[in-house]
Amino acid sequence: MTAPSRVRIQTEDFDLTTEVALLRAGNAGVGAVCAFIGTVRDHSEGATVAAMELEHYPGMTESSIEAMIDEAHRRFDILGARVVHRVGPLQPTDQIMMVAVVSAHRGQSFEACEFLMDYLKTQAPFWKKESTPDGARWVDARVSDDRALARWGLDLPNA
């Protein structure tokens with residue numbers, strides 16, 4: 001059986017249980033699974049959000065996230081990681097993305113999952129547009145996201 005891709009960009013929703021099962025399949029050394037799911041909020045920066053649309057650059061986005069997972073493997077004692085990210089139109093409460101990490105012990109999974117989230121928020125080449133009562137607006141990375149990435153010793157410009 002071929003190992004599942006570590007990165008998937010898609011328009012359709014995903015199921016966390018299925019994704020984690022694929023990540024840990026056949027690996028009896030997995031003692032910890034840490035997962036994060038991001039969802040669309042109905043508000044942002046003081047405005048109501050009716051919808052969100054995400055765009056990406058096919059090929060470049062996957063390669064960028066693969067490099068982030070490679071870096072997580074270098075920094076942490078993890079057995080595997082998986083990122084699923086949606087693109088296209090989304091509504092409040094929809095799942096946007098998922099990061100899951102498996103390791104022998106919980107500490108490494110927690111740290112690697114948080115590292116990947118901080119990295120993804122500023123470095124993954126996605127473009128987000130929110131629909132608000134005042135019209136559509138592109139969403140920029142937050143200063144707090146830059147600070148979160150910097151704590152890992154990475155001082156990179158936003159993608």
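**Note on the largest pocket and the packing of helix α3**

1. Eight elements, namely β2 (32-39), β3 (43-44), β5 (51-56), β8 (95-103), α3, β9 (126-132), β10 (135-139) and α4, each give at least two residues to the lining of the largest pocket. The model is a predicted one.

2. The volume of the largest pocket is about 780 Å³. Its lining counts 32 residues, and those nearest the pocket centre are Leu120, Lys121, Lys128, Arg142 and Asp145. Helix α3 provides the largest share of the lining, six residues.

3. By class, the lining of the largest pocket holds 16 nonpolar, seven polar and nine charged residues.

4. Helix α3 (residues 106-123) also packs against helix α4 (residues 143-150): their axes come within 9 Å and cross at roughly 135 degrees. Angles over 145 degrees count as roughly antiparallel and those from 65 to 115 as roughly perpendicular, so α3 and α4 are oblique to each other. The crossing of this pair, α3 and α4, is left-handed.

5. On the α3 side, the residues that meet α4 are Asp118, Tyr119, Lys121, Thr122 and Gln123; on the α4 side they are Asp145, Asp146, Ala148 and Leu149. This contact of α3 with α4 has three nonpolar, two polar and four charged residues. Lys121 and Asp145 belong to this contact and are also among the residues nearest the centre of the largest pocket.

6. Helix α2 (residues 60-75) is another partner of α3, with axes that come within 10 Å and cross at roughly 150 degrees. α2 and α3 are therefore roughly antiparallel to each other, and their crossing is right-handed.

7. In the contact of α2 with α3, α2 contributes Ser64, Ile65, Met68, Ile69, Glu71, Ala72 and Arg75, while α3 contributes Phe115, Leu116, Tyr119, Leu120 and Gln123. The residues of this contact divide into eight nonpolar, two polar and two charged.

Definitions and conventions: Residues numbered from 1 in each chain as written. Predicted model: local features only at pLDDT ≥ 70, side-chain atom pairs only at ≥ 80, totals over all residues. Heavy atoms only, no water. Axes fitted to C-alpha atoms, helices over the stretch in contact; angles between N-to-C directions. Helix = DSSP H or I, 4+ residues; strand = E, 2+ residues; numbered from the N terminus. Parallel < 35°, antiparallel > 145°, perpendicular 65-115°, else oblique. Left-handed = near helix turned anticlockwise from the far one by under 90°. Contact = heavy atoms within 4.5 Å. Nonpolar A, V, L, I, M, F, W, Y, C, P; charged D, E, K, R; others polar. 1 Å grid on protein atoms, 1.4 Å probe; cavity = no way out; pocket = protein on both sides within 12 Å on 5 of 7 lines; lining within 4 Å. Points joined across faces, edges and corners; volume = space filled by probe spheres on them.
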